[in-house]
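Keep the viewer open as you read.

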Amino acid sequence: MPLDIDRRGALRCLGLTAGTLFTLSGGVLTASSLAQAAEKPMGRPLFLQISDTHIGFNKDANPDVAGTLDRTIDLVNAMPVQPALVLHTGDITHLSKAEEFDLAQQHLARLKITELHTTPGEHDVTDGAGTEYFARFGQASGGKGYYSFDHDGVHFVALVNVMNFKAGGLSSLGDDQLAWLKNDLQRRSASQPLVIFAHMPMWNIYPAWGWGAADADQVMALVRRFGSVTVLNGHIHQIVQKVEGNVTFHTARSTAYPQPAAGDGAGPGPLKVPTDELSRRLGVTTVSIAKLPGAPTLTDTTLA
């Protein structure tokens, strides 16, 4: 990044690395970069997605993940109109330590947006039971991790797919959660916009690295009747999308560090890249969901 970059350029760079803002208008969800939202109003904000903050990570790929998160929060707080909600799609911490959660909560408490919804990543439940995560973020779900709520006519569903791994490291929701989801959705009108968020991808991106879902097909069978479905995930630290009928899948970039593209190298993990290459590893995706029966439109923009 050039040393003489102006405020607008700095906001644009931070926004492209940090998160995605979603607005709602006439039943249409549209995603935009934080930088765009910080420079001018983007309509009525609905929610912001951030992911994979990995507080506690301190390796070469990014030795200051807390600083990166702080700059993200500064950018969000500078937005002229604040979104109503923040969705964090997991890996809040790196090693599930109490002090990591303490630090993460201190940083997240700086958000002007007071309604925070989370789902755990595998790094948040490294003890197997997720004791620290559920003690801090389990109240909304009664300690289960999965729950739903409504906001501005949109039905949000938080799912947990990091507690019941299948062969090859594929994510799984498990029978109890699937039964709960079926019961939760069957009372909903097919015309209500639906947003599902979980940590690991809800479709098979690259099963050899565990970037896939063992029972997501059962979820898809439950949501296909809905006219507008957005599925948000993290975990792989990069943008990958898929559209299946009225279902739009979107994985978020991390605020901490990049990971290699699927199949590029021996396996996933923190990826250190040259400074002048970093801009090509970071960016934002615009997701516009048209009024029924329109199809979603996806647009990728990188920092470069």
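Predicted model: local features only at pLDDT ≥ 70, side-chain atom pairs only at ≥ 80, totals over all residues.

## A strand covered on both faces

Start with strand S8, which has cover on both of its faces. Leu194 and Ile196 are buried on one side, and Val195 and Phe197 are buried on the other.

What does Ile196 touch, once residues up to four places away in sequence are set aside? The list is Val157, Leu159, Val219, Val223, Thr230, Val231 and Leu232.

## The sheet around it

S8 belongs to an open sheet of six strands, ordered S6-S7-S8-S9-S11-S10, with mixed pairing. S6 and S10 (241–244) sit at the edges with a single partner strand each, so one side of each has no neighbour in the sheet. From one strand to the next, the twist averages 15°.

Now zoom in on S7 (residues 154–158) and S8 (residues 194–197): these two run parallel and are joined by four bridges. Pick Phe156, and you'll find that its bridge partner in S8 is Val195. Helix H6 (residues 175–185) lies across S6, S7 and S8, and it runs at about 175° to S7.

In soluble globular proteins, nonpolar side chains tend to be buried together. Here the largest nonpolar core has 28 residues. Leu159, Leu194, Ile196, Met202, Val219 and Val223 are the ones with the most contacts inside it. At least two residues of this core come from each of H6, S8, helix H7 (216–223), strand S9 (229–233) and strand S11 (247–251). Another core lies apart from that one; it has 22 residues, including Met79, Ile92, Ile113 and Tyr257.

## The chain as a whole

Stepping back, the chain has eight helices and 13 strands. It is 304 residues in length, and 54% of them count as buried. Taking the contacts with a separation of 6 or more, 70% are between residues 24 or more positions apart. The accessible surface comes to about 12,500 Å², and carbon and sulfur atoms account for 51% of that.

## Two buried polar residues

Which polar residues are worth a click? One is Ser141, in the loop between helix H5 (131–137) and strand S6 (147–151). With a relative accessible area of 3%, Ser141 is buried, because the cut-off for that label is under 20%. A polar atom of the Ser141 side chain lies 2.7 Å from the backbone nitrogen of Gly145. Beyond its neighbours within four places in sequence, Ser141 is in contact with Tyr146 and Tyr147.

Another is Arg136, which lies in helix H5. Is Arg136 buried or exposed? Arg136 is buried, with a relative accessible area of 18%. A polar atom of its side chain is 3.4 Å from the backbone oxygen of Ala98. Ala98 also turns up among the contacts of Arg136, together with Phe101, Asp102 and Gln105, when neighbours within four places in sequence are left aside.

## Loop residues to check

Two residues other than glycine have a positive phi. For Asp152, phi is near 50°; this residue sits in the loop between S6 and S7. Asp152 counts as partly exposed, at 44% relative accessibility. For His237, phi is about 60°, and its place is the loop between S9 and S10. His237 is buried, with a relative accessible area of 3%.

Last stop: Ala208, in the loop between S8 and H7. Ala208 counts as exposed, at 65% relative accessibility. How many residues separate Ala208 and Ala262 along the chain? They are 54 residues apart, while their C-alpha atoms are separated by 9.0 Å.

Note on methods. Residues numbered from 1 in each chain as written. Heavy atoms only, no water. Buried < 20%, exposed > 50% of the residue type's maximum accessible area, 1.4 Å probe, protein only. Polar contact = N/O pair within 3.5 Å; in protein donor to acceptor, adjacent residues only side chain to side chain. Contact = heavy atoms within 4.5 Å. Pairing = 2+ DSSP bridges. Axes fitted to C-alpha atoms, helices over the stretch in contact; angles between N-to-C directions. Core = buried A, V, L, I, M, F, W, Y, C linked by side-chain atoms within 4.5 Å. Areas by Shrake-Rupley, 256 points an atom, 1.4 Å probe, with all protein chains shown as cover.
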